[in-house]
Amino acid sequence: MATKNLRKGVIGVVLASVVLTGTGTGCAANDSAQGTQTTAEKEGGTETADNAQGQEIVVWTQMMDNEAALLQEFANQWAAETGNTVSVISQQTDIQQFSQAANSKGGPDGMFGIPNDQLANYVSANLVEEIPDGVCQDSDFVDAAVLAGSVNGRKYGYPISVETPFLFYNTERIPEVPRTWEEMVELAKDNGGIVYEATSVYYNLGMLRAFDSYIFKETDGGYDTSDIGLGNANAVKAYTFVNQLSNEYGFFSSDITYDMAKSSFQNGEAAFYIGGAWDVAGFTETGTPFGVSDMPSLNGKDFVTPVGTYVGFVSAKSDAKEETFALYQYLVDNASVALYEEGGRIPAAHKAQELIDNASEATRAQIAQCEKGEPLPTVSEMGLIWQPFSDNMKLMFTGTISPEEAAGYIEQQVKESVEMMQSGQ
């Protein structure tokens with residue numbers, strides 16, 4: 001989940017983990033590894049000449065073990081068709097561990113399944129190969145997913161799956177979902193209010209964008225991190241609207257958290273709740289009467305939500321870059337629907353979305369909302385936003401500072417942190 005997890009070894013441990021994850025496949029670089037090798041064999045059990053010349057590809061993923069096992073099955077099919085061998089390893093890792101492994105014999109050729117908010121750091125560490133022209137066609141994917149895989153205007157991340165927040169409404173209190181925020185506020189006044197993690201920039205991105213502001217200014221080459229949109233006059237309009245929800249309408253207090261908001265809706269108290277697919281099971285299990293929808297418009301504009309994207313990247317250290325890109329294309333084309341059925345990951349590819357049978361209401365709401373959404377800026381400086389934004393929203397909700405003061409403090413604190421980061425201090 002994007003908002004609850006800004007998801008984040010040595011090589012011997014990593015290779016040893018192969019027999020414990022996925023399908024038990026051993027690392028292709030280790031001739032003595034246990035498990036099923038994805039080699040094409042001829043009669044008598046010896047390798048074919050094609051396979052003897054094939055590449056041994058190791059792919060790490062931050063997906064769950066059961067998803068890694070599923071990817072291994074499809075990778076085996078590709079390997080059998082191409083004469084290569086593939087090992088897919090479920091591996092929660094960081095940049096240092098990946099770098100050490102990628103520079104070692106038998107290390108990973110890439111990562112297939114990593115949250116896009118981690119991508120910029122790997123790119124900055126020179127660990128990621130840029131996607132070649134002609135590979136990964138933008139038109140095949142949700143626009144936000146393509147942007148999520150780009151850093152400084154260059155494509156590095158292969159889109160795999162997407163997720164974004166959407167609207168829940170209590171069907172006993174609200175018979176039909178409103179199509180504008182203005183209508184929703186009026187309905188909520190006498191029916192339990194609107195709740196969400198209102199101190200987080202993640203959930204307030206739509207407010208900023210509806211009033212023509214932003215986090216970092218988007219440019220043709222990516223983002224200008226010196227142009228911070230969290231303190232301008234339009235941001236003040238967004239904060240004023242959010243402050244009204246708290247202090248004028250009383251929908252939530254300054255201590256609102258994700259858990260508090262979720263509990264309020266789950267218990268039938270709130271009329272509306274902004275959450276995500278990660279909330280559906282809990283509401284279903286407790287019998288909460290709810291419906292879902294894409295987000296209503298605000299200020300006459302689509303309500304923009306952050307689209308979190310799982311991406312794949314090829315290691316800049318790989319000796320099998322071309323083959324690894326080809327493997328990724330195969331997995332996106334063939335494994336996307338199976339990943340949805342296994343773990344609920346909504347495909348980033350339009351064609352795969354269309355192939356999902358009996359999609360849930362939550363899935364349909366997310367697909368519709370993703371078309372309105374955008375990724376949070378794929379820059380390392382994004383990590384400097386969360387705390388100043390949250391701290392000043394809380395002060396604003398208590399009445400300690402005004403929306404104008406909140407805007408000024410947020411921009412000042414973020415600017416100072418960005419300058420410090422960029423100066424290397």
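In this predicted model, helix α9 passes helix α16 in a right-handed crossing. Helix α9 covers residues 233-248, and helix α16 covers residues 403-423. Their axes come within 8 Å and cross at roughly 125°. Angles of 65 to 115 degrees count as roughly perpendicular and those over 145 as roughly antiparallel, and α9 and α16 are therefore oblique to each other. Two further helix pairs, a pocket and a cavity follow below.

**Helix α9 against helix α16**

- On the α9 side, the contact is made by V236, Y239, T240 and N243.
- On the α16 side, P403, E404, A407 and I410 take part.
- By class, this contact of α9 with α16 divides into 5 nonpolar, 2 polar and 1 charged residues.

**Helix α15 against helix α16**

- Helix α15 spans residues 386-397.
- The axes of α15 and α16 come within 9 Å and cross at roughly 160°.
- Angles over 145 degrees count as roughly antiparallel, so α15 is roughly antiparallel to α16.
- The crossing of α15 past α16 is right-handed.
- Helix α15 brings P388, F389, N392, M393 and M396 to the contact.
- Helix α16 answers with P403, A406, Y409, I410, Q413 and V414.
- The contact of α15 with α16 holds 9 nonpolar and 2 polar residues, with no charged ones.
- P403 and I410 of α16 take part here, and P403 and I410 also belong to the contact with α9.

**Helix α8 against helix α9**

- Helix α8 runs over residues 201-210.
- The axes of α8 and α9 come within 8 Å, with a crossing angle of roughly 125°.
- Helices α8 and α9 are therefore oblique to each other.
- Helix α8 passes α9 in a right-handed crossing.
- From α8, the contact uses N204, M207 and L208.
- From α9, the contact uses A235, A238, Y239, F241, V242 and L245.
- This contact of α8 with α9 has 8 nonpolar residues, 1 polar residue and no charged residues.
- Y239 of α9 touches α8 here, and Y239 is also part of the contact with α16.

**Second largest pocket**

- The second largest pocket has a volume of about 270 Å³.
- Its lining consists of 15 residues.
- Nearest the centre of this pocket lie E56, G106, G107, D109 and D319.
- The pocket lining splits into 5 nonpolar, 5 polar and 5 charged residues.

**Largest cavity**

- The largest cavity has a volume of about 30 Å³.
- The residues lining this cavity are I160, S161, S336, L339, R345, I346 and P347.
- By class, the cavity lining has 4 nonpolar residues, 2 polar residues and 1 charged residue.

Methods: Residues numbered from 1 in each chain as written. Predicted model: local features only at pLDDT ≥ 70, side-chain atom pairs only at ≥ 80, totals over all residues. Heavy atoms only, no water. Axes fitted to C-alpha atoms, helices over the stretch in contact; angles between N-to-C directions. Helix = DSSP H or I, 4+ residues; strand = E, 2+ residues; numbered from the N terminus. Parallel < 35°, antiparallel > 145°, perpendicular 65-115°, else oblique. Left-handed = near helix turned anticlockwise from the far one by under 90°. Contact = heavy atoms within 4.5 Å. Nonpolar A, V, L, I, M, F, W, Y, C, P; charged D, E, K, R; others polar. 1 Å grid on protein atoms, 1.4 Å probe; cavity = no way out; pocket = protein on both sides within 12 Å on 5 of 7 lines; lining within 4 Å. Points joined across faces, edges and corners; volume = space filled by probe spheres on them.
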